[in-house]
Amino acid sequence: MSAHWRLAVRGAILTLALALLAGTATGYYLDLVWAGAFLYGVGVGIVSFASIALTVSLLTVRPTALKVLLGAASYVGRLLFAALAILVPAYMELLPALPMVVGFAGVYVIENVVLLLLAPRSVGVGRNKGAERRAEA
Amino acid sequence: MPGADPHGRNAGGSYAQFVGLGFTFFFIIAFCTAGGYVLDRLFGTLPLLLLLGLVVGFAGAMYYLFRALGRLGGG
């Protein structure tokens, strides 16, 4: 399993654990339907966010023209998936919209915080690589 | 180092870059579509400019995406 997939799985497990706690509290104090909608939103968010690992794999591991095209298409696919998975149940009033959106957005917030903690190291690595390239030139 | 791949790159960093691309991709489409909707409400042409904004936003977002992917790939 590559580093991107490990990161995606680790992030998904962490987020799911937090979401289960929040979902249990929501079900206990508010409403079971709200808790279900919240967990559904979290599920959509996790699938959407973890699928970025597929995009990263397509675009960084031995990229070919077809893989780059598929990687770009995965952005469109992810957007369509998230929009349909959230908007259709909300429009058909199958689930309350607010907890769904909160669950979905919550995943992105939590996962971005995790990535924010990891990103500065790579910025340093990128800068060093740039300096090395300039020195070679 | 946690998050580092076998090539020495930081998985968290590149993951964050691709997440950032996704956000920008979404916001370009959303901004153009919302702009089209506002103009439609002003001129009473709903849904003409909304659809135009959606198409222009999608085209712009795809253009941005390919440019950004080219930069990330070093192309």
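What span should the 25 residues of α2(B) cover at 1.5 Å a residue, and how far apart are its end C-alpha atoms? This is a predicted model, in which local features need pLDDT of at least 70, side-chain atom pairs count only at pLDDT 80 or more, and totals for chains, interfaces and linings use all residues. Residues are numbered from 1 along each chain as its sequence is written, with chains lettered from A and ligands numbered from 1 in the order in which they are written.

**View 1. Helix α2(B) from end to end.** The expected span (1.5 Å times one less than the number of residues) is 36 Å, and the end C-alpha atoms are 36 Å apart, so the two agree. Helices here are DSSP runs of H or I with at least four residues, and strands are E runs of at least two, numbered from the N terminus; chain B has two helices and zero strands.

**View 2. The buried residues of α2(B).** Buried means 20 or more other C-beta atoms, placed from the backbone, within 10 Å of a residue's own. Among those in α2(B) are Gly53(B), Gly57(B) and Ala61(B). The buried residues of this helix pack against α3 and α4 of chain A together with α1 of chain B.

**View 3. Tyr15(B) and its neighbours.** Leaving aside residues up to four places away in sequence, Tyr15(B) touches His4(A), Leu7(A), Ile52(A), Val56(A) and Leu115(A); contact requires C-beta atoms, placed from the backbone, within 7 Å.

**View 4. Confidence in chain A.** Mean pLDDT (the predictor's confidence in each residue, from 0 to 100) is lowest in α5(A), at 72, and highest in α2(A), at 95.

How values were computed
Contact = placed C-beta atoms within 7 Å. Buried ≥ 20, exposed ≤ 12 C-beta atoms within 10 Å, placed from the backbone.
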